[in-house]
Amino acid sequence: MSDTNDKFEWSDSYLLGHGPMDETHKEFVLLVNAMKNASDADFAARLDDFEKHAVKHFSQEDDWMTSTNFPSADCHIDEHGKVLASVHGIQAMDEEKKLKIGRGLVTALEEWFPGHADYLDSALAKWMVKQSFGGERVAPVVFKRNPKMSEAGVGVQSKNS
Ligand SMILES: [Fe+2]
Ligand SMILES: [Fe+2]
């Protein structure tokens with residue numbers, strides 16, 4: 001495999017400092033990459049795998065937001081709903097359309113995830129870490145392997161709000 005965009009790969013720049021969320025996001029990247037590299041014959045099965053993941057991923061985050069009274073939950077929950085609606089819409093298509101539109105979904109997910117994680121999930125991760133420290137203002141410390149030097153310049157980055 002070349003290092004061009006034939007793969008959607010995990011990057012530690014996606015780490016948010018909340019363990020369960022980071023694990024879920026690693027699985028997200030794996031399953032999007034599995035769709036990206038699926039043969040036409042396997043694509044529908046990989047789309048189904050991704051849908052199962054997305055239902056769990058989004059409902060877990062939605063539950064975290066509602067159960068902890070996260071202050072800006074609405075647009076985050078809304079964005080999850082829109083992605084899931086697209087996935088379900090494509091699952092319902094005939095095989096030919098599913099393949100064509102589904103391949104476009106993979107590209108859209110690759111473009112969507114970094115921004116969603118950076119803006120919406122990161123705020124939730126900070127909030128969840130704060131909750132687990134009894135409401136103290138504690139920001140998660142994220143340890144990143146092989147950070148892009150142009151971005152961070154250091155091996156350990158403290159994520160302060
Ligand atoms: Fe997420
Ligand atoms: Fe999210």
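## Ground rules

Because the model is predicted, local features need pLDDT of at least 70 and side-chain atom pairs count only at pLDDT 80 or more, while totals for chains, interfaces and linings use all residues. Residues are numbered from 1 along each chain as its sequence is written, and chains are lettered from A and ligands numbered from 1 in the order in which they are written.

## Overall fold

Let's start with the big picture. The protein has four helices and two strands, in the order α-α-α-α-β-β from the N terminus. Helices (H or I, at least four residues) and strands (E, at least two) are DSSP runs, numbered from the N terminus.

Of the 161 residues, 22% are buried; that means 20 or more other C-beta atoms within 10 Å of the residue's own, with 12 or fewer counting as exposed, anything in between as partly exposed, and C-beta atoms placed from the backbone. Among contacts with a separation of 6 or more, 58% join residues 24 or more positions apart. Two residues are in contact if their C-beta atoms, placed from the backbone, lie within 7 Å.

## Helices α2 and α4

Now to a helix pair. Helix α2 (residues 43-67) and helix α4 (residues 95-132) have axes that come within 12 Å and cross at roughly 25 degrees, so α2 is roughly parallel to α4 (angles under 35 degrees count as roughly parallel, over 145 as roughly antiparallel, 65 to 115 as roughly perpendicular and the rest as oblique). The axes are lines fitted to C-alpha atoms, for helices over the stretch in contact, and angles run from 0 to 180 degrees between N-to-C directions.

On the α2 side, the contact is made by F43, A44, L47, E61, W64 and M65; α4 brings E95, K98, L99, G102, L124 and M128.

## Nonpolar cores

A nonpolar core is a set of buried Ala, Val, Leu, Ile, Met, Phe, Trp, Tyr and Cys residues joined through C-beta atoms within 7 Å. The largest one has 13 residues, and L31, V32, M35, L47, F50 and V106 have the most contacts inside it. Two or more of its residues come from each of α1 (19-36), α2 and α4.

Leaving aside neighbours within four places in sequence, L47 touches M35, I90, Q91 and G102 by the contact criterion. Another core, of eleven residues, lies apart from the largest one and includes L16, M65, A125 and V129.

## V142 in strand β1

Finally, V142 belongs to strand β1 (residues 141-143). V142 counts as buried because it has 21 C-beta neighbours inside 10 Å. V142 and Y14 are 128 residues apart in sequence, yet their C-alpha atoms are 10.0 Å apart in space.
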